[in-house]
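Let's walk through a protein together, starting with its overall layout and then zooming in on a few residues. Keep the picture open while you read.

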Amino acid sequence: MTETLAVDVNRTGLHTLEAPTTFEANGPFAIALTNHGEPTHIHVHLDDRLSEIARIEASNHYVETDETRHIEVKTRDHTEWPSDLIRGKLKVVTAHGQETHYVDIEFDRTPAKEPVEVDPDLSKPRQTETSEVSPAMRALPVGVLGAVALVLALGAVFAADGINFVLGAFAVVAGGLCAVAANYLLV
């Protein structure tokens, strides 16, 4: 798509010029001269620096009332440019020099960087596949420890002969069984 530099002529009065103060292009572009008033002659000129890479076929243009004239600014191939960035001035003149406007032109042959589109799914946490462990398998270590406690308590009961020791062993066994039961119920 060719870029366009818009220049308004006679919009705010006779022989007035309105154009941006700067314009950027990376290749050929068009100057759109739009006349809002009396028919007029308009002169366009590229300075020496811009003329190294660009040219305009005709510099004098007659623009009728309510007419838009497009002027092509052609450029040499990018490989023939003396540098990546060329800056210069475009002069636009009307009423035989009565009104002059300069536009700073910047030619940049480095291609514009394309915006990177990011997939919205990248902002969501990734679901990892986890193998489900059954509640019985999660309770296994507690059950094994409970069984070991029970065996030790029973062994202590047979080895000891006092009632206090038997009651303590019973409390340890009961505690182990409660821990196993709680683990099954919470899972």
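What follows goes from the whole chain down to single side chains.

First, some ground rules. This is a predicted model, where local features need pLDDT of at least 70 and side-chain atom pairs count only at pLDDT 80 or more, while totals for chains, interfaces and linings use all residues. Residues are numbered from 1 along each chain as its sequence is written, and side-chain values use heavy atoms, with hydrogens and water left out.

So what is the protein built from? You'll find three helices and ten strands; here helices (H or I, at least four residues) and strands (E, at least two) are DSSP runs, numbered from the N terminus. Trace the elements from the N terminus and you get β-β-β-β-β-α-β-β-β-β-β-α-α.

Of the 187 residues in the protein, 30% are buried. Buried means under 20% relative accessible area, exposed means over 50%, and partly exposed is in between (1.4 Å probe, protein chains only). The protein exposes about 12700 Å², with carbon and sulfur atoms supplying 58% of that area; accessible areas come from the Shrake-Rupley method with a 1.4 Å probe, and for residues only the protein chains shown count as cover. As for contacts (heavy atoms within 4.5 Å), take those between residues at least 6 apart in sequence: 65% of them join residues at least 24 apart.

Now for a buried residue. Asn-35 sits in strand 4 (residues 29-35), and its relative accessibility is 1%, so Asn-35 counts as buried. What does Asn-35 touch, leaving out residues up to four places away in sequence? Its partners are Val-9, Asn-10, Thr-40, Val-63, Glu-64, Thr-65, Asp-66 and Glu-67. The side chain of Asn-35 also reaches the backbone nitrogen of Gly-37 at 2.9 Å.

For a contrast, go to Val-116, in the loop between strand 10 (99-108) and helix 2 (135-159). Val-116 is exposed, at 72% relative accessible area. Together with Val-118 and Leu-122, Val-116 forms a nonpolar patch on the surface, with about 370 Å² of accessible area in total. Patches are made of residues with over 30% relative accessible area and no salt bridge; like charges are joined within 9 Å, and nonpolar side chains (Val, Leu, Ile, Met, Phe, Trp, Tyr) within 5 Å.

That brings us to charges. Side chains of opposite charge can pair when their charged atoms come close. A salt bridge is a side-chain nitrogen of Lys or Arg within 4 Å of a carboxyl oxygen of Asp or Glu, and a search of the whole structure finds ten of them.

Lys-74 is partly exposed at 30%, whereas Glu-57 is exposed at 57%.

Another salt bridge joins the side chains of Lys-89 and Asp-104 (2.3 Å, N to O). Lys-89 belongs to strand 9 (residues 85-94) and Asp-104 to strand 10, so parts 15 residues apart in sequence are tied together.

Finally, find Arg-11 and Glu-18, whose side chains meet in a salt bridge at 2.8 Å, N to O. Arg-11 is partly exposed at 46%, and Glu-18 is partly exposed at 24%. Asp-8 joins in too: Asp-8, Arg-11 and Glu-18 are linked in a network of salt bridges.

Key. A polar contact is a pair of N or O atoms within 3.5 Å; within protein, one must be able to donate a hydrogen and the other to accept it, and residues adjacent in sequence count only if both atoms are side-chain atoms.
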